[in-house]
Amino acid sequence: MNQVWQGRLEKIDDYRWKIPRSYKPGMKVPGLILASDSLIPSIINDKAVDQVANVAFLPGIVRYSLAMPDIHWGYGFSIGGVAATDPSEGGVISPGGVGYDINCGVRLLRSELLLDEVKPKLEKLVNALFSNIPCGVGSSGDIRVSHKEEEEIFIKGAGWAVKKGYGVKEDLECTEDNGAIKGADPGGVSDRAFERGRKQSGTLGSGNHFLEVQIVDEIYDDKKADIFGLFKGQITVMIHSGSRGFGYQVCDDYVKSMVTALRKYNINVPDRQLACVPLDSPEGKAYMGGMRCAANYAWNNRQCLTYLIREVFERIFNKSWTDLGLALVYDVAHNIAKMERHVVDGKERFLCVHRKGATRAFPPHHVDIPEKYIEAGQPVIIPGDMGSFSYILAGTEAAMTETFGSTCHGAGRNLSRSAAIKRCEGRQIDKELFNKSGIIVRASGRSTLAEEAPEAYKDVKEVVEVVHRAGISTKVARMRPLGVIKG
Amino acid sequence: MEPYEIIEHTADVGLRANGATLKELFQNAARGMFAIISGDERHDDVTPGTRRTIQIKKEVDALEELLVDWLSELLYIFNKEKILFKIFRVHELNNDGIKGDAYGERMTPGGTAARTEIKAVTFHGLTIQENMRGFSCNIIFDV
């Protein structure tokens with residue numbers, strides 16, 4: 001199904017490419033892709049560019065349909081897509097612009113541990129994490145909640161976990177939206193979604209979700225790294241997970257109802273997966289209420305996972321997690337839609353920013369970032385593939401003026417899952433990673449390892465370099481994996 | 001004409017389903033979806049013992065909506081009851097809804113494990129096309 005992009009892509013500068021409105025009749029704004037010359041061939045080699053053009057059809061879209069350099073073919077929106085819509089101009093909300101895994105995101109924990117202390121126990125640590133963190137297809141965990149408690153999770157997000165003793169209030173301060181977005185409405189959640197959410201708090205999931213023990217191996221900005229509490233040689237832990245079956249069900253329920261509602265609101269989109277309704281319609285408000293429940297569920301999930309990880313570290317190192325310094329650096333969402341204030345052409349507007357595989361990147365002194373990071377800007381966490389680096393960056397003013405305060409979210413896939421499996425046939429990816437880089441990998445399924453093999457992804461270095469040079473976020477530190485748990 | 005084939009998609013998984021009739025197309029799409037989930041493409045001639053009846057009453061303008069509903073319903077039952085379905089029989093299919101049976105086996109701990117988690121059935125690029133040999137469509141799953 002892959003096909004090379006046939007349309008016109010206008011190069012604006014080294015890192016910016018425009019899709020003119022003339023590409024497809026019906027585009028309300030142009031498309032803008034942030035990428036380098038070397039990333040462009042793989043980008044035009046699939047349908048992602050066409051998807052950026054399709055998003056430009058959304059009613060009320062402001063300025064551009066944007067794509068970050070990790071752009072690749074998704075469904076509806078491309079992965080790496082950003083679009084802001086204005087409710088005062090008939091702007092819409094599209095569940096496909098958030099995705100099924102609502103508030104899929106990443107969090108980074110730092111520690112006071114150094115490689116010398118961890119290396120002799122690394123295998124034991126990775127094995128213990130693998131057996132204590134529920135992962136894999138449809139995994140459920142030990143944290144089971146009643147209907148009433150589930151409602152509380154929908155509203156309080158990670159605050160529920162903290163109240164239960166699965167974290168501390170400092171964790172909330174270092175989570176986007178303090179771990180709970182306001183305006184969640186359990187009334188907008190179906191019985192099926194309730195049922196699916198009951199047993200999945202504190203579970204990793206499968207596919208590209210992971211848990212990594214890492215070492216900080218490069219510092220690019222001493223001052224910001226110091227503010228984030230990061231230093232060279234330090235052990236960190238990264239978690240990538242989302243809202244699990246609960247979020248999938250919320251999205252599924254609303255995509256179906258919005259496909260029907262397209263006719264009611266006389267909205268034309270080139271792909272049904274872009275089904276959308278006006279933000280101020282009853283359907284739009286109901287989705288926002290339900291989607292926020294799922295976003296809060298995801299923050300609670302990553303908080304519960306943090307608790308399980310801290311428990312394992314305490315047991316392996318025989319010290320309390322506070323003594324180990326296992327504190328949260330930050331937690332970011334990369335599949336979400338949020339109401340935010342942005343200045344467009346000198347005028348402040350209240351917009352709905354869809355980030356589908358894109359990370360918020362707010363600048364220093366922004367009102368929505370933690371007090372302690374005020375001079376550095378919001379931490380942005382960019383995971384790479386399991387054989388290469390992950391990065392921590394900081395948000396910038398340029399992101400506010402150009403990308404609605406957004407940046408990339410990861411390496412972005414290069415090969416389809418089936419192509420990756422074919423490429424890895426007969427190989428043992430876990431052994432290769434260990435022999436080549438000493439990385440210990442544990443996965444619940446062998447096919448996951450092949451699907452997620454390093455060569456299936458774009459070069460994360462190049463993606464990060466583009467956002468850094470384009471100015472929409474700035475490099476702070478780089479982490480290298482030591483141990484990986486895959487779902 | 002193959003009942004289904006798995007097609008390339010960069011981030012997710014795609015399926016091309018074919019059928020001499022629309023009912024067969026819906027059956028084959030379900031077979032393909034469960035082949036992705038289980039990682040097992042062998043076709044079983046023996047009808048497994050656990051049956052679930054799916055009945056969706058919904059007025060639709062386009063059958064694509066019912067196809068997504070049918071597959072989503074099977075996926076929901078799989079997630080809830082851990083039944084790996086293998087054989088599908090669509091009895092009724094029109095613009096007012098669908099009725100069919102799915103036969104499968106409940107997964108047991110230590111037994112057959114699911115390989116791929118399908119998060120959802122998407123509408124992305126979904127169009128049922130009529131051709132010389134019947135009907136075909138491409139379906140993208142979020143995995």
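## Extent of the interface

Two residues are taken to be in contact when they have heavy atoms within 4.5 Å of each other. In this predicted model, 35 residues of chain B are in contact with 41 residues of chain A. The area buried between the two chains comes to about 3,300 Å², and carbon and sulfur atoms give 50% of that area.

## Polar and charged links

Between chain B and chain A there are six salt bridges; one of the salt bridges joins R244(A) to E117(B), with the closest N and O atoms 3.8 Å apart. The count of residue pairs in polar contact between the chains, both residues being at pLDDT 80 or more, is 20.

On the side of chain B that touches chain A, the elements that give two or more residues are α2 (63-81), β6 (120-121) and β8 (134-142) of chain B, and α2(B) gives the most, with nine residues. By class, the residues on this side of chain B divide into 13 nonpolar, nine polar and 13 charged.

## Helix packing within chain A

Inside chain A, helix α5 (residues 147-156) packs against helix α11 (residues 282-317) at an angle of about 95°, their axes lying 6 Å apart. Because angles of 65 to 115 degrees count as roughly perpendicular, α5(A) is roughly perpendicular to α11(A).

The residues that meet are I153(A), F154(A) and I155(A) from α5(A), and R292(A), C293(A), N296(A), Y297(A) and N300(A) from α11(A). This contact of α5(A) with α11(A) has five nonpolar, two polar and one charged residues.

How values were computed: Residues are numbered from 1 along each chain as its sequence is written. Chains are lettered from A and ligands numbered from 1 in the order in which they are written. This is a predicted model: local features need pLDDT of at least 70, side-chain atom pairs count only at pLDDT 80 or more; totals for chains, interfaces and linings use all residues. Side-chain values use heavy atoms; hydrogens and water are left out. Buried area is the accessible area (1.4 Å probe) that two parts lose on being put together, summed over both. A salt bridge is a side-chain nitrogen of Lys or Arg within 4 Å of a carboxyl oxygen of Asp or Glu. A polar contact is a pair of N or O atoms within 3.5 Å; within protein, one must be able to donate a hydrogen and the other to accept it, and residues adjacent in sequence count only if both atoms are side-chain atoms. Helices (H or I, at least four residues) and strands (E, at least two) are DSSP runs, numbered from the N terminus. Ala, Val, Leu, Ile, Met, Phe, Trp, Tyr, Cys and Pro count as nonpolar, Asp, Glu, Lys and Arg as charged, and the others, Gly among them, as polar. Axes are lines fitted to C-alpha atoms, for helices over the stretch in contact, and angles run from 0 to 180 degrees between N-to-C directions. Angles under 35 degrees count as roughly parallel, over 145 as roughly antiparallel, 65 to 115 as roughly perpendicular and the rest as oblique.
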